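This report is written for a reader new to the structure. Please look over the sequence and the model first.

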Amino acid sequence: NIQILRFEKEADFISNWTESSWSAYQEKVLSIYDDIFAGDKKYFAADGGNWPPLGIACYLDSTRKVMGTVGLAQLPMPMLGMNYEDDMLEDHRHVELVIAINDDIEFMPLAEYLSAQSTFPWYWGTHFDNGHTIPCKQLIDIGSKMTHMLFIEEASFLQKISIPRFKKNKVRLLFLIPIHESEQRYAEQHS
């Protein structure tokens with residue numbers, strides 16, 4: 001049974017997790033972000049003191065603000081079995097998330113939003129994937145007319161960024177792009 005094999009693999013991951021494997025991964029991701037994103041850097045713990053460790057790296061410059069998770073990829077997301085063939089499944093279960101916004105938008109509510117999304121797949125028994133959308137009340141709270149975030153893995157207007165593997169697992173970087181409600185409906189109908 002494929003599900004039993006997944007449970008065994010996840011149990012093996014948890015029993016073999018070490019602080020040093022986390023630190024090495026954290027340093028690699030932060031180094032990649034540092035090389036690509038400009039501006040003053042801030043780093044926040046976003047795990048609330050719980051396992052697994054998670055951080056949010058924020059880069060602030062004169063034109064944009066970029067926030068990215070560091071450590072979300074440690075745990076494989078659930079519920080991908082119905083979307084991918086078994087041989088492709090492991091290439092889609094580990095992600096990091098990035099939000100890029102204009103400089104004139106307040107970033108702390110969106111950094112908190114990004115942190116909150118780090119438990120979403122496991123709390124709701126679902127996953128994040130290219131083309132998915134998710135509500136974002138914080139956009140409205142900061143005065144935007146946009147209401148949702150669209151998950152995008154690749155687009156002509158996004159820089160291609162390769163995130164290092166975590167314990168032999170491929171890690172995908174998904175960008176969260178603010179969109180209007182009409183765009184969300186379109187994405188939902190056509191993804």
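The sections below cover the basis of the model, its sheet and its aromatic pairs.

## Basis

This is a predicted model, in which local features need pLDDT of at least 70, side-chain atom pairs count only at pLDDT 80 or more, and totals for chains, interfaces and linings use all residues. Residues are numbered from 1 along each chain as its sequence is written, and side-chain values use heavy atoms, without hydrogens and water.

## The sheet

Strands pair if DSSP finds at least two bridges between them.

Strand 4 (residues 95-102) and strand 7 (residues 172-179) run parallel and are joined by five bridges. Glu-96 has Leu-173 in strand 7 as its bridge partner.

## Aromatic pairs

Rings of Phe, Tyr and Trp (its six-membered ring) pair if their centres lie within 6.5 Å; planes under 30 degrees apart count as stacked, over 60 as edge-to-face and the rest as tilted. The count comes to seven aromatic pairs. Phe-37 and Tyr-59 are tilted, because their planes stand at 50°, with the ring centres 5.7 Å apart. Phe-37 is in the loop between helix 2 and strand 1, and Tyr-59 is in strand 2, 22 residues apart.

Phe-128 and Phe-151 are stacked, with 4.6 Å centre to centre and 20° between the planes. Both Phe-128 and Phe-151 are buried (under 20% relative accessible area, with a 1.4 Å probe and protein chains only). Ring pairs link Phe-128 and Phe-151 into a cluster with Phe-120, Tyr-123 and Trp-124.

Notes: Helix = DSSP H or I, 4+ residues; strand = E, 2+ residues; numbered from the N terminus. Buried < 20%, exposed > 50% of the residue type's maximum accessible area, 1.4 Å probe, protein only.
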